[in-house]
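Here is a short report on a two-chain model. Please view the sequence and structure first; the notes follow.

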Amino acid sequence: MKSRIASALAVLACVAALAACSGKGSSGSGTTSPAGAGVSSSSTAPAGTTGTGTGTGGAANAAPSTDTRAVRSGSAEPDGDLSSLDQQLSAVDGALSSAEPTHTADDNG
Amino acid sequence: MSLRTMTLRTRLSAAAVGAVFAVGAAALPAHAASGEPGAAALTAAKAKVTDGLTDRLSTLTELQTRLAGAKDVPDAARGTLTSLLSSDISGLTALKTKVAGETTVAAVRADGKAMVDDFRVYLLVAPKVHLTHALAAENDAAAKLTKVHDALAERLAKDPAADTQANKDLLADLTGQVKAADAAIDGKEQALLALQPGPDGKAISASVKDISAAAKTAREDLRKAVADAKKVRDAIKSTGTKGGSQG
């Protein structure tokens, strides 16, 4: 009798464990896209603001993780970095063009 | 009629004509007596100076618009320039009223001199606005290029194929060009805004040209830095493309 109760409890524990696992799985898949969007935007921010250690260091550390890589490939992987660089260089070009003289000093006072 | 009588008549006529000239001269206006032109000349002088004032006021209004559109001008410089433009507009408007009320060409001439020497709208104020904006834009470009350098350095560190000595040299040159640009324009904005109008137009022009030349040098340095950055970026793109086709 005790063994039956023990096995029933074991089965219940297994069911509970499985339910917990499936719950995590579903919530994980359910939040993939917003989480992806969140990571995507947060990884874009450092690239756009400083482009220094944080973003790329994070990418290097996360390299073995395929999930992180998949998320990053949306915005911050090479093409994303380079397009951000292109934008920054384009902004520099624009700033330098606006700095070109449009008026020369007039000797007429 | 004897020769003696003729001589006496001639002498009397000459004396009469002389008396008429003397009375006429005494009755002429002061400016005519001193050799100054008359009312027509006064009107012409007023018109000329008034046109100069109108053109300068128009330029100052344009400069106000330009300054408002130059978002990268630092607040302190913007405040200084805004005050300068406003006070010059007030001063030139008052001068315009003064010119209208002048009664002598000499006074109008003095107003015309004040219009030039006391304001120096074309020689100094306009370059102040243009160059302050240019210097601000160059500072902004230098800051952006420093970030671009850091981003490129990180990319090279992660991409062995692109991490060549040539690319490292380009990044080093980029840094050097940005530093050179910074050095070229260091303190120029303050020097520019400190320049004051005055009668020595050549000295003002020389000072403005020095600052303009520094801004031009900085611009050229920054363009070289941009070229360096683009070469490194292209190299990274190239290795990325090759990696993609291989993988």
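## A loop residue in chain B

Arg120(B) sits in the loop between H5 and H6 of chain B. The model is predicted. Arg120(B) is not a glycine, yet its phi is positive, at about 50 degrees. Is Arg120(B) buried or exposed? Arg120(B) has 27 C-beta neighbours inside 10 Å, so it counts as buried.

## Overall make-up

Chain A has five helices and zero strands. Along the sequence its pattern is α-α-α-α-α. Chain A has 109 residues, and 18% of them are buried.

Chain B has nine helices, again with zero strands. Its pattern along the sequence reads α-α-α-α-α-α-α-α-α. Chain B has 247 residues, of which 34% count as buried. Take the contacts in chain B between residues at least 6 apart in sequence: 83% of these join residues at least 24 apart.

## Helix H6 of chain B

H6(B) covers residues 121–158. Does its length agree or disagree with what its residue count predicts? At 1.5 Å a residue, its 38 residues should span 56 Å. The end C-alpha atoms lie 54 Å apart, so the two values agree. H6(B) also carries a kink of about 30 degrees, and the kink is centred on Lys128(B).

How many residues of H6(B) are buried? The count is 29 of the 38, so the helix is largely enclosed by the rest of the structure.

## Helix H3 of chain B and its packing on H6

H3(B) runs over residues 39–69. It has 31 residues. From first C-alpha to last it reaches 45 Å, close to the 45 Å expected at 1.5 Å a residue. The buried residues of H3(B) are Ala45(B), Val49(B), Gly52(B), Leu53(B), Arg56(B), Thr59(B), Leu60(B), Leu63(B) and Leu67(B). They pack against H4, H5 and H6 of chain B.

H3(B) and H6(B) pack at an angle of about 10 degrees, with axes 10 Å apart. Angles under 35 degrees count as roughly parallel, so H3(B) is roughly parallel to H6(B). From H3(B), the contact uses Arg56(B), Thr59(B), Leu60(B), Leu63(B), Arg66(B) and Leu67(B). From H6(B), it uses Val121(B), Val125(B), Ala126(B) and Val129(B). By class, the residues of this contact of H3(B) with H6(B) are seven nonpolar, one polar and two charged.

## Helices H4 and H5 of chain B

H4(B) spans residues 75–101 and H5(B) spans residues 105–117. Their axes come within 10 Å and cross at roughly 170 degrees. Angles over 145 degrees count as roughly antiparallel, and H4(B) and H5(B) are therefore roughly antiparallel to each other.

Leu92(B), Leu95(B), Lys98(B) and Val99(B) are the H4(B) residues in the contact. They meet Val108(B), Asp111(B), Ala114(B) and Met115(B) of H5(B). The contact of H4(B) with H5(B) holds six nonpolar residues, no polar ones and two charged ones.

## The interface between the chains

On chain A, 26 residues are in contact with 38 residues of chain B. Two elements of chain A give two or more residues to this side: helix H3 (53–62) and helix H5 (78–98). Which of the elements gives the most to the side of chain A that touches chain B? It is H5(A), with 12 residues. The side of chain A that touches chain B has 12 nonpolar, 10 polar and four charged residues.

## Ala141 of chain B

Ala141(B) lies in helix H6 of chain B. It has 30 C-beta neighbours inside 10 Å, so Ala141(B) counts as buried.

Conventions:
Residues are numbered from 1 along each chain as its sequence is written. Chains are lettered from A and ligands numbered from 1 in the order in which they are written. This is a predicted model: local features need pLDDT of at least 70, side-chain atom pairs count only at pLDDT 80 or more; totals for chains, interfaces and linings use all residues. Helices (H or I, at least four residues) and strands (E, at least two) are DSSP runs, numbered from the N terminus. The expected span of a helix is 1.5 Å times one less than its number of residues. The bend at a residue is the angle between axes fitted to the seven residues ending there and the seven starting there. A residue is buried if 20 or more other C-beta atoms lie within 10 Å of its own, exposed if 12 or fewer, and partly exposed in between; C-beta atoms are placed from the backbone. Axes are lines fitted to C-alpha atoms, for helices over the stretch in contact, and angles run from 0 to 180 degrees between N-to-C directions. Angles under 35 degrees count as roughly parallel, over 145 as roughly antiparallel, 65 to 115 as roughly perpendicular and the rest as oblique. Two residues are in contact if their C-beta atoms, placed from the backbone, lie within 7 Å. Ala, Val, Leu, Ile, Met, Phe, Trp, Tyr, Cys and Pro count as nonpolar, Asp, Glu, Lys and Arg as charged, and the others, Gly among them, as polar.
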